[in-house]
Amino acid sequence: MRNSTIDTLKEALRCRGINQRDFAAMIGKDETAVSRWFSGKVGISRTNLAQIEGILGIKLGNTDGPDKKTALITGITGQDGSYLAEFLLDKGYEVHGIIRRSSVDFRERIAHLEGKPHFHLHYGDMGDSMAIVNVVRIVKPDEIYNLAAQSHVQVSFDSPEFTADVDAVGVLRILEAVRVCNLQDTCRIYQASTSELYGKVEEVPQNENTPFHPYSPYAVAKLYGFWIVKEYREAYNMFCCSGILFNHESERRGETFVTRKITLAAARIAQGLQDRLYLGNLSSLRDWGYAKDYVECMWLILQNDKPEDFVIATGVQHSVREFCYLAFKEAGIELEFKGKDADEKGICTKGPETLVGKTLVEVSPDFYRPTDVINLWGDPTKAKAKLKWNPNKTSFEQLVKIMVDSDIAKVASEGAAAKVRTNLAEYLEKGIVK
């Protein structure tokens with residue numbers, strides 16, 4: 001067996017944190033036999049090589065196998081990454097994802113995929129160029145979807161340097177890794193860009209030709225990512241594109257994002273577990289879509305005949321106030337908004353008797369941003385025409401319902417679990433359970 005094959009295998013195991021003993025158990029071999037492979041004393045048979053390739057999802061030799069495309073996803077543990085992984089697996093891809101080493105497990109969104117034969121994870125970090133190069137060299141992807149980012153606008157004001165390193169320079173690290181591994185002619189790259197590039201908007205709605213005016217450290221970092229992708233496309237003739245994603249939500253959205261904060265609060269207030277929801281600017285306008293629909297457009301962008309940038313949006317705009325009203329209504333509570341600006345309040349007019357007449361939503365200046373983007377509205381005409389993508393597969397009303405229904409179930413299950421824990425503590429205290 002060629003040393004390069006063994007070296008690739010060893011590096012793949014190292015990146016995934018798999019030791020020699022665990023690897024032997026994975027493939028059902030004696031550890032001594034594996035040790036002899038690694039030392040070069042004996043070669044790996046074609047049958048064993050094919051088995052290892054199937055388990056790890058990488059190409060080690062010239063074994064015959066199905067003509068599968070291989071995709072590498074950064075940010076695979078996030079909302080978009082988890083949906084994209086599911087989508088690509090359904091398309092028959094070998095799917096690889098990069099995850100950060102951590103003492104805390106943040107993989108709940110992809111837990112149901114782990115253990116599947118064509119799903120593979122590697123350790124790496126967007127701030128570590130060598131780790132990215134190693135993963136790209138091992139996987140040799142046909143497509144890379146760079147979704148990893150510090151994606152919270154407010155956090156970017158608190159951590160601007162970290163945001164720049166990951167969201168700006170991180171994109172450069174991906175592009176350079178592809179060049180270093182000599183994959184620039186075969187690997188297509190999708191960069192997740194953002195509607196925040198438009199920032200202090202200069203026209204409504206925004207399309208691919210609208211001037212950018214970033215209005216936060218997050219947006220400025222993402223603008224570098226957008227332009228460096230364009231530069232590598234033109235300078236090195238690489239197939240790399242940006243999808244300018246407008247707000248896209250789902251039941252997997254992080255709880256610090258405003259939409260999920262609203263749906264979770266509506267569920268908790270309806271079940272008597274929270275008194276009030278505090279928000280920032282209720283009049284901010286956004287173009288909200290369903291993340292599960294948007295990952296299809298990401299894939300379509302890389303299937304296009306030539307590399308181009310596309311706006312990914314629904315073309316329909318709503319205010320934070322509208323989202324809030326609909327979410328509470330789905331939870332069985334009707335609100336009436338009274339007052340203006342920082343004095344605006346959402347008062348319950350219909351719902352559980354204990355809530356009627358109470359203020360359930362209130363504006364807090366603590367949630368105002370130093371510079372706030374108030375009017376984002378995307379024009380998906382190009383994606384609809386060139387990619388045949390349907391941006392309105394899931395309506396705004398359906399999106400809100402999906403999120404609220406999920407959070408109602410989540411809160412109910414957590415409440416039941418809390419009661420069990422409380423009861424058990426009482427029983428232990430009284431000596432009923434030993």
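Visitor: I have the structure open and want to start with a strand. Which residue in E15 stands opposite lysine 345?

Guide: Glutamate 362 of E15 is the residue opposite lysine 345. Keep in mind that you are looking at a predicted model.

Visitor: How many bridges join E14 to E15, and do the two run parallel or antiparallel?

Guide: Strand E14, residues 345-350, runs antiparallel to E15, and three bridges join them. Now look at strand E8, residues 277-279: with E15 this strand pairs in the parallel sense, also over three bridges. Leucine 277 has valine 361 of E15 as its bridge partner.

Visitor: Is E15 enclosed or open to the outside?

Guide: To read that, count the residues with under 20% relative accessible area, which are the ones called buried. In strand E15, residues 359-363, five of the five residues are buried, so the strand is largely enclosed by the rest of the structure.

Visitor: What is the order of the strands in the seven-stranded sheet?

Guide: Read across the open sheet and you meet E3-E2-E1-E4-E5-E6-E11, with parallel pairing. The edges are strand E3 (119-123) and strand E11 (310-312); each has a single partner strand, so one side of each has no neighbour in the sheet. From one strand to the next, the twist averages 25°.

Visitor: Which helix packs on the sheet, and which strands does it touch?

Guide: Helix H9, residues 217-236, packs there, touching strand E5 (188-194) and strand E6 (240-245). The direction of H9 makes about 150° with that of E6.

Visitor: What span should helix H11 have, and how far apart are its end C-alpha atoms?

Guide: The expected span is 1.5 Å times one less than the number of residues. Helix H11, residues 291-303, has 13 residues and should span 18 Å; its end C-alpha atoms are 19 Å apart, which agrees.

Visitor: Is H11 mostly covered or mostly uncovered?

Guide: H11 is mostly covered, with ten of its 13 residues buried. Among them are Asp293, Tyr294, Cys297 and Trp299.

Visitor: How many disulfides does a search of the whole structure find?

Guide: The search finds zero. The test asks for two cysteine sulfur atoms within 2.5 Å. For cysteine 187, the nearest cysteine sulfur belongs to cysteine 181 and is 9.4 Å away, and cysteine 187 is in no disulfide. Cysteine 297 is in no disulfide either: the nearest cysteine sulfur, that of cysteine 241, lies 11 Å away.

Visitor: Are these two cysteines buried or exposed?

Guide: Cysteine 187 is buried, at 2% relative accessible area. Cysteine 297 is buried as well, at 0%.

Visitor: Let us finish with a single residue. Where does serine 156 lie?

Guide: Serine 156 is part of helix H7, residues 153-158. With 0% relative accessibility, serine 156 counts as buried.

Visitor: Which backbone atoms does the side chain of serine 156 come close to?

Guide: One is the backbone oxygen of valine 153, which lies 2.6 Å from a polar atom of the serine 156 side chain. Another is the backbone nitrogen of tyrosine 218, which that side chain reaches at 3.1 Å. Setting aside neighbours within four places in sequence, serine 156 is in contact with Gln150, Thr163, Ser216, Pro217 and Tyr218.

Note on methods. Residues are numbered from 1 along each chain as its sequence is written. This is a predicted model: local features need pLDDT of at least 70, side-chain atom pairs count only at pLDDT 80 or more; totals for chains, interfaces and linings use all residues. Side-chain values use heavy atoms; hydrogens and water are left out. Buried means under 20% relative accessible area, exposed over 50%, partly exposed in between (1.4 Å probe, protein chains only). Helices (H or I, at least four residues) and strands (E, at least two) are DSSP runs, numbered from the N terminus. A polar contact is a pair of N or O atoms within 3.5 Å; within protein, one must be able to donate a hydrogen and the other to accept it, and residues adjacent in sequence count only if both atoms are side-chain atoms. Contact means heavy atoms within 4.5 Å. Two strands pair if DSSP finds at least two bridges between them. Axes are lines fitted to C-alpha atoms, for helices over the stretch in contact, and angles run from 0 to 180 degrees between N-to-C directions.
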